Amino acid sequence: MQFAQGIRRLFLGMLACLLLIGLSATYWAIAGRGSLLLRDDNPRLIEAIADIQRGAIYDRGGQLLAETTASEAGLRRRYLRPSTYSVVGYYSLRYGAGAAEAAFGELLSGSSAVMTLRDYVERQLLKLPQVGADIRLTVDANIQDALAAAMGDAAGTIVVLNAQSGAIQALLSQPGFDPNALDEDWRELAEAASQPFFNRALQGHYQLGGAMYMLLLAQALRSDADVTMRFPKADAPVSFKDGMTITCVIKPEQSELSLIDAYIYGCPAAFQAHWLAEPRQDLAPILAPFAFDAPVTLAGFPQPEPIDLPAAAEALDEETLMLRALHGQGDVTTTPLHTAAIMAAIATDGKAVAPAILSATRPPDAAQWRPLTTETSAPPILSADVARELRGILRRAWSILGDGPAGDVGANIVRSQSGDQRQIWLTGFVANADGAANSFVILLENSDDAPRLISIGQTLVRALAQHHQGQPAS
């Protein structure tokens, strides 16, 4: 009797175990199938990702920038245009994706949701290889090549926008890296002091420095102030109590300057004298239309990162903080992309634009490109009258900077200091005879080399002119 009870308990225990195993198998086969398949260490998932035929990436003119090639070792991503590495980005099974490869990863990999019966049959039943769509960017590879050659080994960034549509025609960040060797060089790149993964055009938060004078000049024009009134000793340096001293970017021929002259030559003393002579104003309303607290970005691309500002507020008195803010050395920062958008507003009678970088897609089973359109409805950030006056001042500034290519060009040099680094900027616009215009920003880090900056600007103007005439940029 006791033996029979033991057998019965053993049988019930085995039955319970079989039931648990059956329930577990049922769960993993039906309810938990997705979570099991999607585990990062699932070799089938890794193999499936490795077999994806990512779409190609082209520039606006149809020049190939990135493609997937087959070899005995499997599929490999290949990047063909070094000047476009910072905008095309990278794709790696081990390290993921960056820049355009990340922003448009769903299109390039064909990983969008199953939408048709054909999609279902090919993916779920026939298990055919997953093929992504091709994409066409708004950037021009010829312009990128010309600008990269002009930059040489300098650290910095260049952004060129179509001032009407916001389409990015060039985006260069240096130093960069070769995405073809990413897997081999990853550790060295990640530890490099030069921060090759840091996209200066999109992520770099820089203090405004002399760019603040354009905003102060715009405010003076709006309020009908006498911007031609001359200030004595306007070429003198300005020093702060914390030891920082700022001087004219270009040495003027005379010491008495108007606000317009002071902006053109980048001289701080006239703006400080003008500001202190007026009833004390708050800078916030002057800065508000330019939205520095919410800089424009590109979805899916690296986003702006904060910087360590050079002075802690608690260490400085109120007067010094006010003067630092007046000269763009306060707590307001900008990105090169955001600055290019502001310059686009100056080039188009004050109209704001939203930068965009994708111009068309081509599904794997299609022969024709499907163009994309972007529309912006943001309110103007400047009045048309003020924008036109600023364009005239920028034209005069460009003419003073030196002999350059002919055309409707306006640009100015400013300096700034962010943390322990100095920057020198060239910001402006290039307009065509047909009314189209481009805005641009060129920034060199840890540099005060104005001649080199001007030379890069001249190369940019020539490249845009040749692009407009349908010729390769040189």
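Biologist: Where does D59 lie?

Modeller: Please bear in mind that this is a predicted model. D59 is found in the loop between β1 (57-58) and β2.

Biologist: Which side chain of opposite charge is nearest to D59, and how far away is it?

Modeller: A salt bridge requires a side-chain nitrogen of Lys or Arg within 4 Å of a carboxyl oxygen of Asp or Glu. For D59, the nearest side chain of opposite charge is R81, 6.0 Å away. D59 is buried, yet has no salt bridge.

Biologist: Which backbone nitrogen does the side chain of D59 reach at 3.0 Å?

Modeller: That backbone nitrogen belongs to G62. If neighbours within four places in sequence are left aside, the residues in contact with D59 are L65, R136, L137, V139, D140 and A141.

Biologist: How many salt bridges does the structure hold?

Modeller: There are 15 salt bridges in the structure. One of them joins E67 and R78, whose closest N and O atoms are 2.2 Å apart. This pair links distant parts of the chain, with E67 in strand β2 (residues 64-71) and R78 in strand β3 (residues 74-79), eleven residues apart.

Biologist: What does D261 meet in a salt bridge?

Modeller: The partner of D261 is R230, at 3.4 Å from N to O. D261 is buried, with a relative accessible area of 6%, while R230 is partly exposed at 37%.

Biologist: With which residue does K251 form a salt bridge?

Modeller: K251 pairs with D235, their closest N and O atoms being 3.3 Å apart. Because K251 lies in the loop between β11 (245-246) and α12, and D235 in the loop between α11 and β10, the pair ties together parts that are 16 residues apart in sequence. K251 counts as exposed, at 60% relative accessibility.

Biologist: Which residues are linked in a network of salt bridges?

Modeller: Such a network links D349, D385, R388 and R391.

Biologist: Let us turn to the rings. How many aromatic pairs does a search of the whole structure find?

Modeller: The search finds eleven aromatic pairs. In one case, the rings of Y213 and F271 have centres 4.6 Å apart and planes at 10°, so this pair is stacked. Y213 lies in helix α11 and F271 in helix α13 (residues 268-277), so the pair ties together parts that are 58 residues apart in sequence. Both residues, Y213 and F271, are buried.

Biologist: Which residues do ring pairs link into a cluster?

Modeller: The cluster consists of Y90, Y95, F177, W186 and F197.

Biologist: Where does the charged end of R54 sit?

Modeller: A ring may also have a charged group over its face. The charged end of R54 sits over the ring of Y91, 3.9 Å from the centre of that ring. Likewise, R136 lies over the face of W369, at 5.1 Å from the ring centre.

Technical notes:
Residues numbered from 1 in each chain as written. Predicted model: local features only at pLDDT ≥ 70, side-chain atom pairs only at ≥ 80, totals over all residues. Heavy atoms only, no water. Helix = DSSP H or I, 4+ residues; strand = E, 2+ residues; numbered from the N terminus. Buried < 20%, exposed > 50% of the residue type's maximum accessible area, 1.4 Å probe, protein only. Phe/Tyr/Trp six-rings, centres within 6.5 Å; stacked < 30°, edge-to-face > 60°. Lys NZ or Arg CZ within 6 Å of the ring centre and 35° of its normal. Lys, Arg positive; Asp, Glu negative; His and termini not counted. Polar contact = N/O pair within 3.5 Å; in protein donor to acceptor, adjacent residues only side chain to side chain. Contact = heavy atoms within 4.5 Å.
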